[in-house]
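Dear colleague,

Please find below the sequence and structure that I am handing over to you.

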Amino acid sequence: MGPFFFNGVRSFIGVVALLPCIVLLDLLQGERPSIWGRVRDAGSRGRLLTGGVLCGLALGSASLAQQVGIQYTTVGKAGFLTALYIILVPILAQVLGRRTPRLVWGAAVMALVGSALLCGISPGNLSLQKGDFLLLACAFLFAIQILCVDKFVASVDCVRLSALQFFFAGVLSLVLAPFAGESLSLGQILKGLGPLLFCGVLSSGVAYTLQCVGQKFVHPVVATLLMSLESVISALGGWLVLGESMGFREMAGCAIIFAAVLIAQLAPPRTP
């Protein structure tokens, strides 16, 4: 299936995966399970819904730009261009009045250098092609999504925010799919059920929800650096599990990103 329908279906799987969690959390808190949970007033409900719409549109757009763009470029360049959100988050945060400690700025630059080494990027092979511009848009949209999450998580239910985020990301993908010339059948869903369940339950339902919960307690740039470890884990996993080779350059890139994450932890905490 095409990227639009794939993202749409996996997003709705993420919503379904979170519904039992929402019910269970309500029961554990002594609340009657409901759509809004403890939110009683219209203003708080509006804030939760607004957060879900903005985060969902940013996440859905970023995922679509990434999956369409990666078809037209190399894997290494795709990894590096997507990782540009590492430096875009502190820039956009500064524009929006969210101060970033100088130590964290330095860590972000370090992580970007490490990503370039890990992805095999050098000034000589960074010419931009058709898919690369989509991946630049992807990095920008992921940065927007991280900052949207940062804005709303302090005052709304994180699990409900995450579920709404997937719902609106799924709506965006499925609405745009016919315009991209994509069609969907039950046979396609059944044939791709394994990857759909993995991405829907684990990547969306678990990972992105943990992002929302975790960002309650850390600066968005520090969250970005922690999430950039996905490239390190991916490279190490390929080396340990798939038998892929890692040269000195790739190992140095992993070490620099990991060091950047550790350095970022030395900055003053967001909350006591």
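Helix H9 gives the most to the lining of the largest pocket, contributing nine residues. Please bear in mind that this is a predicted model. The space in this largest pocket comes to about 1600 Å³. Its lining consists of 49 residues, and those closest to the centre of the pocket are Gln66, Met227, Glu230, Ser231 and Ser234. Sorted by class, the lining of the largest pocket holds 28 nonpolar, 17 polar and four charged residues.

The second largest pocket has a volume of about 260 Å³. Fourteen residues line it, and Leu19, Ile22, Ile35, Arg160 and Ala163 are the ones that lie nearest its centre. Helices H1 and H7 each supply at least two residues of this lining, and H1 gives the most, with five residues. By class, the lining of the second largest pocket divides into 11 nonpolar residues, one polar residue and two charged residues.

Four helices each supply at least two residues of its lining: H1 (3–28), H2 (42–69), H7 (158–176) and H9 (193–214). The lining residues are Asn7, Arg10, Ser11, Leu59, Gly60, Ser63, Phe166, Ala169, Ser173, Ser204 and Tyr208. By class, four of these lining residues are nonpolar, six are polar and one is charged.

One of the residues lining the cavity, Ser63, lies in helix H2. Is Ser63 buried or exposed? Its relative accessibility is 9%, and because buried means under 20%, Ser63 counts as buried. Leaving aside residues up to four places away in sequence, Ser63 touches Asn7 and Phe142. Asn7 is also among the residues that line the largest cavity.

Finally, there is helix H10, which spans residues 220–227. Six of its eight residues are buried, so H10 is largely enclosed by the rest of the structure. The buried residues of H10 are Pro220, Val221, Val222, Ala223, Thr224 and Leu225. What covers them includes helices H4 (85–95), H5 (102–118), H6 (130–152), H11 (229–240) and H12 (248–264).

Yours sincerely

Definitions and conventions. Residues numbered from 1 in each chain as written. Predicted model: local features only at pLDDT ≥ 70, side-chain atom pairs only at ≥ 80, totals over all residues. Heavy atoms only, no water. 1 Å grid on protein atoms, 1.4 Å probe; cavity = no way out; pocket = protein on both sides within 12 Å on 5 of 7 lines; lining within 4 Å. Nonpolar A, V, L, I, M, F, W, Y, C, P; charged D, E, K, R; others polar. Buried < 20%, exposed > 50% of the residue type's maximum accessible area, 1.4 Å probe, protein only. Contact = heavy atoms within 4.5 Å. Points joined across faces, edges and corners; volume = space filled by probe spheres on them.
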